[in-house]
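Dear colleague,

Please find the structure below, handed over for your own work. A summary of the findings follows it.

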Amino acid sequence: MSMNIENLSSKELAELITRANKRKKILAKRRPATQVKAAVAKFLKSTGWDFEELYGQSSPSKPAATAATATATTTAAPKARKSTKGRRLGKVPPKFRNTANAKETWAGRGKQPRWLSAEIAKGRKIEEFLIK
């Protein structure tokens, strides 16, 4: 993270220094990551588990899985698919066209447009609007 401190006022600079000192104290109280990883590995070993069995991947501190542990994980469940929520799907050519106004089309995705739902409400079939 880079920050241009040249444009800060003395009040903003004092606040930044105060926040930095608080963060420094918090970080100083933390144990080093290697110690925490070792403690977790020791605890898992005492319970009869290892990181790979619980999480399906080798721990960051281990360089690679051995052949014995690799055979034990071959029955792991397949990875879950990513959610499509918020993801834009590819553009699709239109499948339906309004007979009254050729500029109005619908690809068949999402909610039906008003013109199509109005025509269906009148008794027409959706197949009548298919683009051939």
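Accessible areas were computed by the Shrake-Rupley method with a 1.4 Å probe, and for residues only the protein chains shown count as cover.

Please note that this is a predicted model, in which local features need pLDDT of at least 70 and side-chain atom pairs count only at pLDDT 80 or more, while totals for chains, interfaces and linings use all residues. Residues are numbered from 1 along each chain as its sequence is written, and side-chain values use heavy atoms, with hydrogens and water left out.

Overall architecture

The protein contains five helices and two strands, in the order α-α-α-α-β-β-α from the N terminus on. These elements are DSSP runs numbered from the N terminus: helices are H or I with at least four residues, and strands are E with at least two. Of the 132 residues, 10% count as buried; buried means under 20% relative accessible area, exposed means over 50%, and partly exposed lies in between (1.4 Å probe, protein chains only). Among contacts with a separation of 6 or more, 20% are between residues 24 or more positions apart, a contact being heavy atoms within 4.5 Å.

Nonpolar surface patch

Met3, Ile5, Leu13 and Ile17 make a nonpolar surface patch of about 350 Å². Patches are made of residues with over 30% relative accessible area and no salt bridge; like charges are joined within 9 Å, and nonpolar side chains (Val, Leu, Ile, Met, Phe, Trp, Tyr) within 5 Å. Ile17 belongs to helix 1 (residues 10–29) and is partly exposed, at a relative accessible area of 48%.

Salt bridges

The whole structure holds three salt bridges, each defined as a side-chain nitrogen of Lys or Arg within 4 Å of a carboxyl oxygen of Asp or Glu. Glu119, which is buried at 15% relative accessibility, pairs with Lys122, with 3.5 Å between the closest N and O atoms. Lys122 itself is exposed, at 63%. Glu119 also forms a salt bridge with Arg124 (3.2 Å, N to O). Arg124 in turn pairs with Glu128, the closest N and O atoms being 2.9 Å apart. Both are partly exposed: Arg124 has a relative accessibility of 28%, and Glu128 has one of 41%. Through shared partners, these salt bridges join Glu119, Lys122, Arg124 and Glu128 into one network.

Yours sincerely
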